[in-house]
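Here is a short report for someone meeting this protein for the first time. Keep the sequence and the 3D view at hand while reading.

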Amino acid sequence: LACNLHDNSQENGQFIPMDLRPDCDGNFGVFAVKFSGDGRNVLASANDGCLYIYSRDRNEVILKIQAHEDDVNSTCYSSMASQVVFSAGDDGQCKVWDLRCNPRSCPVGVFAGHRDGISHVESKGDDRYLITNSKDQTIKLWDLRQFSSCTGIERTRSSVSQQYWDYRWQDAPRNCALCYIQEGPFIIVMILRTTVIRVIKFVVFCSFSEEN
């Protein structure tokens, strides 16, 4: 797989190939791509459970993080000038990574509470708040000052392991929005009404509103 970065400095508008393929056989796909604030690096999440950081200066992958136990559907930077990144995957967890430390070892924190895989994560850009939306039909607002406990993480793992539907070709289960949600004082949960779910089928993307 190769992603293309359009270089406006080139008179002929050439596309520069960005090869993210790992050194192994098998199917590989990138689900999300984000530029760093200075535009020098590209952050990507893939179906092999990993995060990749690609240097545009060196034209190569400079960091690979084994981030999740399943597909990493979404990733983003905490802010334009931040070295903190978020990743969200089909294991139902949103993880926080500090690139100034040794991110290959472990995340600096985990947000857990969804009952199914997370399809999207977005930062407010203030290094404090982020939101995630999940296949369990909920959107959650998280505060970086308080991570989930080990108990919450294990409950999320247990819940996600019992989900077998695929949003790409199946409708959301009718009781999806009615199930028990594991929540804490640091989470705001918004559950869609079943009448809305029947119209839109599945919420894939969530976003903060524009300032003001």
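Ala44 stands opposite Tyr52, which belongs to strand S5. This is a predicted model. The strands behind that pair are S4, residues 41-46, and S5, residues 50-55. They run antiparallel and are joined by 5 bridges.

S4 and S5 are part of an open sheet of 4 strands. Its order is S3-S4-S5-S6, and the pairing is antiparallel. Strand S3 (30-35) and S6 form the edges, each pairing on one side only. On average, neighbouring strands of this sheet are turned by 20° against each other, direction ignored. As a general point, strands of a sheet pair through backbone hydrogen bonds, either parallel or antiparallel.

**The chain as a whole**

How many helices and strands does the chain have? The count is 2 helices and 14 strands. The chain has 212 residues, and buried residues make up 48% of them. It exposes about 11,900 Å². Carbon and sulfur atoms supply 48% of that area. Consider next the contacts in the chain with a separation of 6 or more: residues 24 or more positions apart account for 49% of them.

**Strand S10 and its surroundings**

A second pairing involves S9 and S10. These strands pair in the antiparallel sense over 4 bridges.

Are the residues on the two faces of S10 buried or exposed? Strand S10 covers residues 109-112, and both of its faces are covered. Gly109 and Phe111 are buried on one side. Val110 and Ala112 are buried on the other.

Gln146 is 36 residues away from Val110 along the chain, yet their C-alpha atoms are 9.4 Å apart in space. Gln146 sits in the loop between S13 and H1. It counts as partly exposed, at 40% relative accessibility.

**Salt bridges**

How many salt bridges does the structure hold? There are 7. The table gives three of them.

| Salt bridge | N to O distance |
|---|---|
| Arg157 and Glu69 | 3.2 Å |
| Lys135 and Asp90 | 3.3 Å |
| Asp143 and Arg145 | 2.6 Å |

Take the salt bridge between Arg157 and Glu69. Arg157 lies in helix H1 (residues 150-160), and Glu69 lies in the loop between strand S6 (60-66) and strand S7 (72-77), so the pair ties together parts that are 88 residues apart in sequence. Arg157 is partly exposed, with a relative accessible area of 30%. Glu69 is exposed, at 56%.

The salt bridge between Lys135 and Asp90 joins two loops. Lys135 is in the loop between strand S12 (129-134) and strand S13 (138-143), and Asp90 is in the loop between strand S8 (84-89) and strand S9 (93-98), so parts that are 45 residues apart in sequence are tied together. Lys135 is buried, with a relative accessible area of 8%. Asp90 also counts as buried, at 15%.

Elsewhere, salt bridges that share partners join Glu69, Glu154 and Arg157 into one network.

**Cysteines**

A disulfide is a covalent bond between the sulfur atoms of two cysteines. How many does a search of the whole structure find? It finds 0.

The cut-off for a disulfide is 2.5 Å between the sulfur atoms. Cys106 is partly exposed, with a relative accessible area of 46%. Cys50, in contrast, is buried, with a relative accessible area of 1%.

Methods
Residues numbered from 1 in each chain as written. Predicted model: local features only at pLDDT ≥ 70, side-chain atom pairs only at ≥ 80, totals over all residues. Heavy atoms only, no water. Salt bridge = Lys/Arg side-chain N within 4 Å of Asp/Glu carboxyl O. Buried < 20%, exposed > 50% of the residue type's maximum accessible area, 1.4 Å probe, protein only. Pairing = 2+ DSSP bridges. Axes fitted to C-alpha atoms, helices over the stretch in contact; angles between N-to-C directions. Contact = heavy atoms within 4.5 Å. Areas by Shrake-Rupley, 256 points an atom, 1.4 Å probe, with all protein chains shown as cover.
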